[in-house]
Amino acid sequence: MRPALELTSVPTWATAPARPAADSSGRSWTVIGFGAAGSEIARAWSAELTAAGRSAVRLHEIDAIDGDEQARAALVADLAEARVGWRLMMAGPAHTCLRLRAAAVQLDVADDEITVASTDVDTRAVQCVHCRTITCAPVELEDVVPCRGCGRNLLVHYHVSRRLGAHLGYMVDAEQQVAR
């Protein structure tokens, strides 16, 4: 039986594409867009904030494939100058946004300071509880993915680590007896 997703640690934006409005409640913003689709949303948010007279907007357009370090560096640099009223807005594939959200949470950014627009929810990062390897693959919740570290078949669980930005994966057939 599938649990109600709002009762799990999986953000709703990580299960279905979402495009919330720009968070205009702040005084300054870091806006990060991953890939073409994420950058399009990030540019639209920036334009919306600027048109509303908000001038303290820093826009960062990042490669969706291997831009984790660049996005984290932009977050750290902007956060070092942040004052009360700072907001983080990010747009892109959900698994990429989950990783940046994890970095932000580790830097003590609160959930109410973060806005996320997900452009793709088909790929998930899954951490193996057996070897701790993170496998990225197109997989749904409750589906099985082979771990790229230990080869075990992992069930993708309804838990997202806020620290890692990855879903929990555990051996799907751990309780089955092995024929000898």
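The radius of gyration used here is taken over C-alpha atoms, and the globule rule is 2.2 Å times the number of residues to the power 0.38. This is a predicted model, in which local features need pLDDT of at least 70 and side-chain atom pairs count only at pLDDT 80 or more, while totals for chains, interfaces and linings use all residues. Residues are numbered from 1 along each chain as its sequence is written, and side-chain values use heavy atoms, with hydrogens and water left out.

**Figure 1. The whole chain.** Welcome to the overview. For 180 residues, a compact globule would have a radius of gyration near 16 Å, and the chain's value of 18 Å agrees with that. Along the principal axes, the C-alpha atoms fill a box of roughly 70 × 30 × 30 Å. The secondary structure comes to 3 helices and 9 strands, where helices (H or I, at least four residues) and strands (E, at least two) are DSSP runs numbered from the N terminus. Read from the N terminus on, the elements follow the order β-α-β-α-β-α-β-β-β-β-β-β. Buried residues make up 45% of the chain; buried means under 20% relative accessible area, exposed over 50% and partly exposed in between, with a 1.4 Å probe and protein chains only. Of the contacts (heavy atoms within 4.5 Å) between residues at least 6 apart in sequence, 63% join residues at least 24 apart.

**Figure 2. Threonine 30 in strand S1.** Threonine 30 sits in S1, which covers residues 28-34. Its relative accessibility is 1%, so threonine 30 counts as buried. Leaving aside residues up to four places away in sequence, threonine 30 touches Arg58, His60, Asp78, Trp86, Arg87, Leu88 and Met89.

**Figure 3. Helix H2 against helix H3.** Two packed helices are described by the angle between their axes and the distance between the axes. Here H2 (residues 68-80) and H3 (residues 94-106) pack at an angle of about 35 degrees, with their axes 10 Å apart. The axes are lines fitted to C-alpha atoms, for helices over the stretch in contact, and angles run from 0 to 180 degrees between N-to-C directions. On the H2 side, Asp68, Ala71, Arg72 and Leu75 meet Thr96, Arg99, Leu100, Ala103, Ala104 and Gln106 of H3. Sorted by class, this contact has 5 nonpolar, 2 polar and 3 charged residues; Ala, Val, Leu, Ile, Met, Phe, Trp, Tyr, Cys and Pro count as nonpolar, Asp, Glu, Lys and Arg as charged, and the others, Gly among them, as polar. Alanine 74 is also found in H2, and its 9% relative accessibility means that alanine 74 counts as buried.

**Figure 4. Two loop residues with positive phi.** Most residues other than glycine have a negative phi. Arginine 132 has a phi near 70 degrees, a positive value, and lies in the loop between strand S5 (123-128) and strand S6 (134-138). With a relative accessible area of 63%, arginine 132 is exposed. Glutamate 142 has a positive phi as well, near 75 degrees, and its place is the loop between S6 and strand S7 (144-146). Glutamate 142 is partly exposed, at a relative accessible area of 37%.

Figure 5. An unreviewed UniProt entry places the feature "domain: Dimethylamine monooxygenase subunit DmmA-like C-terminal" at residues 126-169. In the model, the span is 0% helix and 55% strand, and its end C-alpha atoms lie 6 Å apart.

Notes: UniProt positions renumbered as here; feature names shortened; annotations may be inferred.
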